[in-house]
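Please read the points below alongside the display.

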Amino acid sequence: MSDPEPLELTAELLAIARKATIIDARKRCPKSVDPEDVWQSVCLDLIRVPPKYDPSRKASKVTLLKLICSRAVSQYAAKAK
């Protein structure tokens, strides 16, 4: 089993994360919340504490990133309501 390493946030991964976050924010957050504000919050969290990626768990980097974004949007929406 390998040790998890910080996920390298490439431009491609950040673009995928942005799209997933904005789509999710439009669904979950109140209309008064700008999805771009949600993305900025999620992006800052990703940069501040990069997610750990463990290839032995068989999940792709994209799947991991989308899951992290989805959870962050849920937390943002809960605070906004």
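**Notes on the predicted model**

1. The chain contains 3 helices and 2 strands (DSSP runs, H or I of at least four residues for helices and E of at least two for strands, numbered from the N terminus). In sequence order, the pattern is β-α-α-β-α. This is a predicted model, in which local features need pLDDT of at least 70, side-chain atom pairs count only at pLDDT 80 or more, and totals for chains, interfaces and linings use all residues. Residues are numbered from 1 along each chain as its sequence is written, and side-chain values use heavy atoms, with hydrogens and water left out.

2. The C-alpha trace spans about 45 × 20 × 20 Å along its principal axes. Of the 81 residues in the chain, 30% are buried (under 20% relative accessible area, with a 1.4 Å probe and protein chains only).

3. The largest nonpolar core has 19 residues; such a core is a set of buried Ala, Val, Leu, Ile, Met, Phe, Trp, Tyr and Cys residues joined through side-chain atoms within 4.5 Å. Cys29, Val38, Trp39, Val42 and Leu65 have the most contacts inside this core. Two or more residues each come from α1 (11–28), α2 (35–48) and α3 (61–80), and α3 gives the most, with 6 residues.

4. Setting aside neighbours within four places in sequence, Cys29 is in contact (heavy atoms within 4.5 Å) with Val38, Val73, Tyr76 and Ala77.

5. Asp24 lies in helix α1 and is buried, with a relative accessible area of 14%. Not counting residues up to four places away in sequence, Asp24 touches Ser70 and Val73.

How values were computed:
Buried means under 20% relative accessible area, exposed over 50%, partly exposed in between (1.4 Å probe, protein chains only).
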